[in-house]
Amino acid sequence: MRKDPQQQALKLNIQVDKILCKEKSIRPREECGVFAIYGHANAAELTYYGLYALQHRGQESAGIASFSPLKLHFQVFKGMGLVSQVFDTHSLSSLQGTMAIGHVRYSTTGSSTLLNAQPIVVSCSKGELALAHNGNIVNAASIRRELENKGSIFQTTSDSEVILHLMAQPTKEDIVGSFINALKKIKGAFSCVLLTRKGIMAARDPLGFRPLSLGTIESGYVISSETCAFDLIHAEYLRDINPGEVVFIGEEGLQSYSLNENVSRKAFCIFEYVYFARPDSNIAGLNVSKARIQMGRELAKLYPVDADIVVPVPDSGNYAALGYSEQSAIPYYPAFVRNHYIGRTFIQPTQLIRDFSVRIKLNLIQQAIKGKRVVVVDDSIVRGTTARARVVNLREAGAKEVHIRVSCPPHRFPCHYGIDFPNPKSLLANQLAAEDICKYLGADSIGYLSHEAMIKACSEACTEFCTACFTGKYPVDFDPDLDKMILERRPFFENFS
């Protein structure tokens with residue numbers, strides 16, 4: 001007896017819905033953004049604008065720490081929410097001095113609370129220190145346990161704080177040496193900035209997981225997670241801070257040091273090019289929008305299809321869709337219209353409005369879709385629930401065919417270096433083959449960019465990337481129990497060995 005395809009598809013959908021965890025995050029979540037400025041009379045104000053440009057890297061909290069020789073202590077202001085919600089004219093006027101650091105956060109280790117907002121400020125034998133960190137320290141739990149056994153008292157449940165406690169240990173080294181020695185003891189991803197009374201330090205881990213750039217403004221220096229922040233404040237880009245490099249900016253100018261790690265390879269996170277970084281940023285000499293256009297071109301070569309229009313999923317799919325359109329000669333049409341005025345939270349309606357969470361963000365121009373064979377280009381598919389809702393919307397709008405194209409390989413594994421992917425069991429590609437994913441989404445076809453083609457698209461920058469979320473090959477070992485709440489589970493420390 002021949003099985004009904006519709007019944008098979010329905011059965012598959014029910015099975016997948018049971019498998020996928022009902023997590024709040026259905027997209028890979030941004031990590032953090034750091035910014036620092038030295039030698040400018042309006043350091044805090046420029047840091048505020050720099051954080052504005054980096055807002056896409058974290059929307060949970062924002063903070064700035066500054067120092068003026070006229071003040072006894074660092075001035076610090078931070079809060080929960082977006083940059084525009086945290087700061088106002090009064091708070092910025094309280095942040096005086098010619099040097100400042102700033103941070104926007106999404107919690108990759110530690111919960112989303114004001115306690116964990118950065119910069120983290122401490123006073124110790126090395127003086128006052130303020131740290132802002134992007135990345136994830138994979139051995140933070142074991143280091144913290146060791147330090148707590150020696151009497152250290154931690155203020156937060158963020159992995160970043162272990163750097164400051166390591167620096168505070170009694171040694172004969174100066175503050176630069178203490179910073180370098182602390183960084184040598186940690187493993188994982190870190191691009192960080194450190195404010196001291198004598199100047200600003202910045203560092204990038206030996207494998208170079210996260211971006212960090214150096215620029216100049218008038219007679220001072222600027223450091224930022226991405227170059228798009230330089231453009232906003234009219235700073236001039238100098239270069240990327242190299243993997244394994246530590247810089248100190250003080251009265252004698254800029255000094256560069258090395259962590260002296262014997263690392264034979266680099267592992268820059270390729271997902272920065274795929275999704276996280278702003279398209280107007282340049283990383284390792286490659287413009288992000290150019291990389292995404294090249295990904296779209298490679299995708300069109302691998303998975304051509306007869307269609308009438310190429311439709312991007314805003315905003316991260318825009319440039320890959322443009323590349324797909326150029327390579328395939330299929331017209332590009334932005335049929336999804338994004339609502340740019342959505343707050344971080346909204347009241348979820350009942351069944352009165354179906355698919356509210358999808359429709360409130362993206363709505364369709366139905367006249368452009370009706371009767372058309374549509375290629376939808378997205379940067380990634382994580383859980384698949386949103387992608388499936390979009391296919392339903394396209395069908396309802398009268399699309400004749402719906403073909404899904406994804407500008408990166410299938411996500412099958414979690415990230416332990418600063419990106420908060422859902423649990424592996426919630427990753428659609430971890431549970432299903434591409435053919436079954438296509439059925440689950442209700443699409444006519446699906447095509448993922450291959451690993452080789454993704455590397456090729458970014459080869460102008462380098463060829464050594466971290467692609468662990470696609471391949472499961474992790475460049476740095478980590479504790480198998482590692483997750484973002486590892487520092488908040490007290491039983492972990494009682495049983496840790």
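**View 1. Tyr417 and its ring partner Tyr474 in the predicted model.** Tyr417 has a relative accessible area of 1% and is therefore buried, in this predicted model. Tyr474, with a relative accessible area of 22%, is partly exposed. The ring centres of Tyr417 and Tyr474 lie 6.3 Å apart and the ring planes meet at 65°, so the pair is edge-to-face. This pair connects distant parts of the chain, as 57 residues separate the two tyrosines. Tyr417 belongs to the loop between strand S21 (401–406) and helix H15 (428–431), and Tyr474 to the loop between helix H18 (468–471) and helix H19 (490–495).

**View 2. The aromatic pair of Phe67 and Phe74.** In total, 15 aromatic pairs are counted in the model. In the pair shown here, the rings of Phe67 and Phe74 have centres 5.6 Å apart. Their planes stand at 65°, over the 60 degrees required, so this pair is edge-to-face. Phe67 has a relative accessibility of 6% and is therefore buried. Phe74 is likewise buried, at 9% relative accessibility.

**View 3. The aromatic cluster that includes Tyr52.** Tyr48, Tyr49, Tyr52, Phe77 and Phe87 are linked into a cluster by ring pairs. Tyr52 is located in helix H2 (residues 43–53). With a relative accessibility of 39%, Tyr52 counts as partly exposed.

**View 4. A nonpolar surface patch containing Tyr49 and Tyr52.**

Note on methods. Residues are numbered from 1 along each chain as its sequence is written. This is a predicted model: local features need pLDDT of at least 70, side-chain atom pairs count only at pLDDT 80 or more; totals for chains, interfaces and linings use all residues. Side-chain values use heavy atoms; hydrogens and water are left out. Rings of Phe, Tyr and Trp (its six-membered ring) pair if their centres lie within 6.5 Å; planes under 30 degrees apart count as stacked, over 60 as edge-to-face and the rest as tilted. Buried means under 20% relative accessible area, exposed over 50%, partly exposed in between (1.4 Å probe, protein chains only). Helices (H or I, at least four residues) and strands (E, at least two) are DSSP runs, numbered from the N terminus. Patches are made of residues with over 30% relative accessible area and no salt bridge: like charges are joined within 9 Å, nonpolar side chains (Val, Leu, Ile, Met, Phe, Trp, Tyr) within 5 Å. Accessible areas come from the Shrake-Rupley method with a 1.4 Å probe; for residues, only the protein chains shown count as cover. A salt bridge is a side-chain nitrogen of Lys or Arg within 4 Å of a carboxyl oxygen of Asp or Glu.
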